[in-house]
Amino acid sequence: MSNINQSRRRLFNRKKSSAIRPPWSKTDIEFTDICTRCDKCIKACETQILIRGDGGFPEINFANDECTFCKKCADICPEPVFNKTEQTPWESIALVLEPCLANKGIWCQSCKDACDARAISFKPGIGQAPKPIIDIDTCTGCGACVSPCPADAIKVGEVT
Ligand code: SF4
Ligand code: SF4
Ligand code: SF4
């Protein structure tokens with residue numbers, strides 16, 4: 001790839017990226033500036049949720065598993081891409097989106113069953129299916145609730 005194309009790619013990433021970077025990552029702009037795309041973190045991830053994303057930069061895909069916060073990605077990275085792992089890993093939490101089956105009157109608690117942190121409760125409603133509520137103080141953003149959701153209704157991200 002030419003240098004011009006690379007700088008265009010970098011510009012594109014800065015403007016468009018909504019990728020979830022590994023926990024403890026610095027800001028997305030810093031991340032794509034410093035990361036050399038060596039794949040070391042991708043190979044080290046114990047749950048294999050790190051993938052090569054847009055531009056070859058690592059990002060998280062919760063389609064099959066969760067983040068255990070094992071720190072292997074941060075520990076193996078040879079570049080100054082990560083914050084200290086004594087800090088909070090990220091601000092991300094689970095967000096329940098409109099396709100949640102409860103919005104269609106269907107009873108489902110798959111997300112609650114998957115959450116070890118017990119961050120999901122269900123609010124009963126008269127004549128309605130109970131709806132999931134995420135406790136933002138308890139949710140770690142681990143993503144364990146993402147793949148069990150039959151409606152693909154949960155994403156992990158920062159509250160805007
Ligand atoms: S903390 Fe562990 S499980 Fe989470 S992304 Fe890093 S290597 Fe994977
Ligand atoms: S698993 Fe998905 S569809 Fe079921 S209650 Fe949770 S968010 Fe809604
Ligand atoms: S992201 Fe993890 S802690 Fe948060 S609700 Fe989902 S399973 Fe629970």
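Predicted model: local features only at pLDDT ≥ 70, side-chain atom pairs only at ≥ 80, totals over all residues.

Student: How many salt bridges does the structure hold?
Tutor: Three.

Student: What makes arginine 21 and aspartate 28 a salt bridge?
Tutor: Their side chains meet at 2.6 Å, N to O. The cut-off is 4 Å between a side-chain nitrogen of Lys or Arg and a carboxyl oxygen of Asp or Glu. The pair is within that limit, so the label holds.

Student: Why is arginine 21 called buried?
Tutor: Its relative accessible area is 7%. Buried means under 20%, so arginine 21 qualifies.

Student: And aspartate 28, what is it called?
Tutor: Partly exposed, because its relative accessible area is 24%. That label covers values between the buried limit, under 20%, and the exposed limit, over 50%.

Student: What makes arginine 52 and aspartate 39 a salt bridge?
Tutor: Their closest N and O atoms are 2.9 Å apart. The limit is 4 Å, so they count.

Student: Which parts does that pair tie together?
Tutor: Arginine 52 lies in strand β1, and aspartate 39 in the loop between α2 and α3, so the pair ties together parts 13 residues apart in sequence. Arginine 52 itself is partly exposed, with a relative accessible area of 48%.

Student: Which residue does lysine 72 meet in a salt bridge?
Tutor: Glutamate 46, at 3.2 Å, N to O. This pair links distant parts of the chain: lysine 72 is in helix α4, glutamate 46 in the loop between α3 and β1, 26 residues apart. Lysine 72 is partly exposed at 39%, and glutamate 46 is partly exposed at 41%.

Student: Why does serine 25 count as buried?
Tutor: Its relative accessibility is 15%. The limit is under 20%, so serine 25 is buried. Serine 25 lies in the loop between α1 and α2. A polar atom of its side chain lies 2.6 Å from the backbone oxygen of proline 22.

Student: What is noted about phi in the loop between β2 and α4?
Tutor: Phenylalanine 69 lies there. Its phi is positive, about 55°, although it is not a glycine. Lysine 71 lies in that loop too, with a positive phi of about 75°.

Student: How do the residues of the shell around ligand 2 divide?
Tutor: Into 10 nonpolar, one polar and no charged. Among them are Val96, Phe122 and Ser110.

Student: And the shell around ligand 3?
Tutor: Eight nonpolar, three polar and no charged. Thr140, Gly141 and Gly143 are among its residues.

Key. Residues numbered from 1 in each chain as written. Chains lettered and ligands numbered in written order. Heavy atoms only, no water. Near = heavy atom within 4 Å. Nonpolar A, V, L, I, M, F, W, Y, C, P; charged D, E, K, R; others polar. Helix = DSSP H or I, 4+ residues; strand = E, 2+ residues; numbered from the N terminus. Buried < 20%, exposed > 50% of the residue type's maximum accessible area, 1.4 Å probe, protein only. Polar contact = N/O pair within 3.5 Å; in protein donor to acceptor, adjacent residues only side chain to side chain.
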